[in-house]
Amino acid sequence: MDEQQSLWAFMTQQSGKLWSQTVAHIGLTCISLLIAIAVGLPLGIWIARRKKAAWLVLGVAGILQTIPSIALLGFMIPLLGIGALPAITALFLYALLPIIRNTYTGITNVDPAITESARGMGMTPWQILASVELPLAMPVILAGIRTATVINVGVATLAAYIAAGGLGEFIFGGIALNNTQMILAGAIPAALLAVVLDFLLSLVQKTGLRKMRKVSVILPVLLLLLSSFYLIPYTKGNLLAGFTPEFMGREDGYLGLKTKYGLDMQTVVISDAVMYKAAFEKKLDVISGYSTDGRLKAFDLITLDDDQSIFPPYYAAPVVRTAVLNQYPELQPVLEKLTGHINDSVMTELNYRVDYLKQAPERVAHDFLVSKKLFQTPHSGNKGRIRLGSKIFAEQYILIQMYKELIEGNTDLAVDTKTGLGGTKICFDALTNGEIDMYPEYTGTGLLAILKADRATLQSLGGDREKVYNYVKQEFLNRYKLQWLRPIGFNNAYALMMRRAQAQSLNIHSITDLKNHATNGNHRH
Amino acid sequence: MIVADHISKHFNGIEAVSDVSFRVGAGETMVLLGTSGCGKTTTLKMLNRLIEATSGSIEILGRRISEEKPEILRRSIGYVSQNNGLFPHYTVSENIAVVPKLLGWAANDIQEHTERLLEQLKLPENFRQKYPSELSGGQQQRVAIARALIADPPVLLLDEPFGALDPVTRASVRKDFAELPALKQKTMVLVTHDVQEALEMGDHICLMDKGRIVQSGASADLLFKPANDFVRSFFDQQRFLLELKIISLRSIFNVLPNSKATYQYYLTTEQNLWDALEILSVRHLNEVIIRNEKGESRSLAMADIQRAYHQAKQQG
């Protein structure tokens, strides 16, 4: 996964995926556009007749437009779940305003002398609408449809967050994996799509007033045709897996699942933010989560045993500057006091209390130390100051708080905490620059994100817990003069998860079990 | 033919037309004359229910229009508006075919009628496939007239039909319009603010002001027997011209001396004192010959014009 191929090589290699994502993207855009036209056009016509309702309808559509797209998708999940339906609904809502507004403007701008003469000749209101007002308003209406199309092509990339497919799968996968080729493989076709659809519509628009009657037939047919590309990306009956864009593109993720386990099942791409809930609500059966995530407990999910160890271990351990350890030798045993007290399920429980029960990390950390009889009343704290850093999520907040209390209770050192230092890079840089003295890091992150181990190294380590730990410990000391202390004991790694009840009823405990079940399931069909 | 009985129109409590009554006989042309905002257009539009009367009743061809379906009513009434109202996305022939199509005519019938009307309105054959934007203002107005006449409606409503044209074009369109054979036997209501146009085209004029009819009658009545100061001052600017124009040569033919001259310039009894005065002064003649339908000739000199004019004034 390290070597970055050329964009073209990536696109040819992934041409199957690229094609299916593009098709899904076109489909999503066009279906939602078609529905938006079917709703927006009559609505625009209606408010052109009733000016009093116009401000209300345009106001509501305008408010919908201002909701950030990712938030709108978020609102959709509790109502419509995940997949095509909420994605199309959200896109439809976005496309609505330009279509309603332009229909309204187009029709109200038709010269009243023309409609009056139409009335004067004895045309019925419907005849006037169909033969006079709509054809004359069509250029303006088409301009609205063009705007809506371009908006929709853009917003449809977000559909990848809720398992509706589209080019967002590459874009967000690329962002998560820091893979420029992958981002471009999604972004360039998406941009081209917007340009091409806009161009096609501009051709329709330019056919001139005279052929507008034909346009009003051609356009819906064209859209319908393009919409039919989009096939709902999963079938019923089999198990359905939802993986994050990042997981989909990783060797130690979906790619490894396919090559090492031979796992072959229906997958959709989905955002980490909605994945657990979707599994809980039975929209998904298997997800790729983090093994100590609090939502595991909240939604009663279990992790499957990685019996062929494709997921590298992510054991958490304090990483400390060597100079600090030399200056305060009493620090190391204190920082290693947590070792053996926190396994995966304990960490999950603690995370759950912070993330789900909204308890303060300080309180959770304190209660835990007290229950393990590790808590000591603070000493004077006049010997010196230790600065602790943490990344920006609950697990790290909790750990930092524990370390703070441990240091204050067992040494004469005082503690400053710098929590919420963003991601790995910020914490690591702060540590090497001497702005903090210690932060908790994960072995897998050290190996892949910081040391950027090459493929040969990865293969030699083979995902073995001890080997990985020893490798990063050695390399960090050599390269950065940083010490990895003893791991705390829990492994916050990738894991496949299922609902407890379903896993039990299908008798699936490991990924191999899952693979066997999926393969048999496929054979049955 | 058309009977308006005490019709009024209120827009949000403001009276645009109040208590207007008139009667237009079959084949007659009635003119609604007045300044802008006097309610003449509103009155016209009530006749084909483009505007619904608030009160009063209207009968056309002996039927109360309020009892008819507006669309059906309008298909039997030709309507020409000031801004021609042609459909910009229709060709000339498609524009003209609107009403016949609504009436369900056969395609070749429509084509036949269209060809004949375009010829009568002096529009070249190749205009049929053009779009309104490719025509001049005068040509557009001719097409609008053809569109109103194609289905041969017995009643024609004209809302300042020549109002948007420049004076030269207006005169020529009006002339060709007046000469249309299809126009004979038509009952027409014409709205205009142009006094000359009103006198030329109207058998009967209703002068309106502030939503009411101030005076109605033949043009001579309005000129020579104004009901009040408003009517008098309305015509004052062009009074001399107008008065000469409404005195026809026919009305003085019998009191003129016989003429034996044959070389002089001829006028017909259809023409008026103004035409005679124009000929005399432009061509520096002492007298002009007038012929009636029977071929009798009389001679008219400047003194005859003066005498006839004063007589008409005194009678008024």
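Modeller: Before we talk about domains: their bounds come from an automatic or database domain assignment. Also, this is a predicted model.

Biologist: Fine. Into which domains is chain A divided?

Modeller: Chain A has domain 1 (7–231), domain 2 (240–309 + 497–524) and domain 3 (316–492).

Biologist: What separates the centres of domain 1 and domain 2 of chain A?

Modeller: Taken over C-alpha atoms, the centres of domain 1 of chain A and domain 2 of chain A are 35 Å apart. Their contact takes 15 residues from domain 1 of chain A and 13 residues from domain 2 of chain A.

Biologist: And how many helices and strands are there in chain A?

Modeller: Chain A has 25 helices and ten strands. Its C-alpha atoms fill a box of roughly 100 × 55 × 45 Å along the principal axes.

Biologist: What percentage of chain A do buried residues make up?

Modeller: Of the 525 residues in chain A, 55% are buried. As for contacts in chain A with a separation of 6 or more, 79% of them come from residues 24 or more positions apart.

Biologist: Let's do helix packing. At what angle do α2 and α9 of chain A pack?

Modeller: Helix α2 (residues 15–49) of chain A packs on helix α9 (residues 180–206) of chain A at about 40°, and the axes are 11 Å apart. That angle makes α2(A) oblique to α9(A). The crossing of α2(A) with α9(A) is right-handed.

Biologist: Which residues of α2(A) and α9(A) make the contact?

Modeller: From α2(A), A:L18, A:T22, A:H25, A:I26 and A:T29 take part, and from α9(A), A:A185, A:P189, A:L193 and A:L197. The residues of this contact of α2(A) with α9(A) divide into six nonpolar, three polar and no charged.

Biologist: Over to chain B. Are α13(B) and α14(B) roughly parallel or roughly antiparallel?

Modeller: Helix α13 (residues 273–282) of chain B and helix α14 (residues 302–315) of chain B pack at about 155°, with 10 Å between their axes. Angles over 145 degrees count as roughly antiparallel, so α13(B) and α14(B) are roughly antiparallel to each other. The crossing of α13(B) and α14(B) is left-handed.

Biologist: Which residues of α13(B) and α14(B) make that contact?

Modeller: α13(B) brings B:L273, B:A276, B:L277 and B:L280, while α14(B) brings B:M302, B:I305, B:A308 and B:Y309. The residues of the contact of α13(B) with α14(B) divide into eight nonpolar, no polar and no charged.

Biologist: How about α11(B) and α13(B), at what angle do they pack?

Modeller: About 105°, with the axes of helix α11 (residues 239–246) of chain B and α13(B) 5 Å apart. α11(B) and α13(B) are therefore roughly perpendicular to each other. B:L241, B:L244 and B:K245 in α11(B) meet B:L273, B:W274 and B:L277 in α13(B). The residues of the contact of α11(B) with α13(B) divide into five nonpolar, no polar and one charged.

Biologist: Back to chain A. Why is α21 of chain A described as largely enclosed?

Modeller: Because seven of the eight residues of helix α21 (residues 443–450) of chain A are buried. The buried residues of α21(A) are A:T443, A:G444, A:T445, A:G446, A:L447, A:L448 and A:I450.

Biologist: What covers the buried residues of α21(A)?

Modeller: The cover includes α20 (424–432), β8 (438–442), α22 (455–461), α23 (465–480) and β9 of chain A. After α21(A) comes A:K452, with a positive phi near 50°.

Biologist: You mention β9. Where is A:N491 found?

Modeller: A:N491 is in the loop between β9 (482–484) and β10 (494–499) of chain A. The relative accessibility of A:N491 is 16%, so A:N491 counts as buried.

Biologist: Which residues does A:N491 touch?

Modeller: Leaving out residues up to four places away in sequence, A:N491 touches A:S291, A:T292, A:P313, A:Y314, A:Y315 and A:D344.

Biologist: On to backbone angles. What is phi of A:A163?

Modeller: About 65°, a positive value, although A:A163 is not a glycine. A:A163 lies in the loop between α7 (125–155) and α8 (168–177) of chain A. At 1% relative accessibility, A:A163 is buried.

Biologist: And A:N507, buried or exposed?

Modeller: A:N507 is exposed, at a relative accessible area of 52%. Phi of A:N507 is also positive for a residue other than glycine, near 60°. A:N507 is in the loop between α24 (500–506) and α25 (511–524) of chain A.

How values were computed
Residues are numbered from 1 along each chain as its sequence is written. Chains are lettered from A and ligands numbered from 1 in the order in which they are written. This is a predicted model: local features need pLDDT of at least 70, side-chain atom pairs count only at pLDDT 80 or more; totals for chains, interfaces and linings use all residues. Side-chain values use heavy atoms; hydrogens and water are left out. Axes are lines fitted to C-alpha atoms, for helices over the stretch in contact, and angles run from 0 to 180 degrees between N-to-C directions. Helices (H or I, at least four residues) and strands (E, at least two) are DSSP runs, numbered from the N terminus. Angles under 35 degrees count as roughly parallel, over 145 as roughly antiparallel, 65 to 115 as roughly perpendicular and the rest as oblique. A crossing is left-handed if the near helix is turned anticlockwise from the far one by less than a right angle, and right-handed if clockwise. Contact means heavy atoms within 4.5 Å. Ala, Val, Leu, Ile, Met, Phe, Trp, Tyr, Cys and Pro count as nonpolar, Asp, Glu, Lys and Arg as charged, and the others, Gly among them, as polar. Buried means under 20% relative accessible area, exposed over 50%, partly exposed in between (1.4 Å probe, protein chains only).
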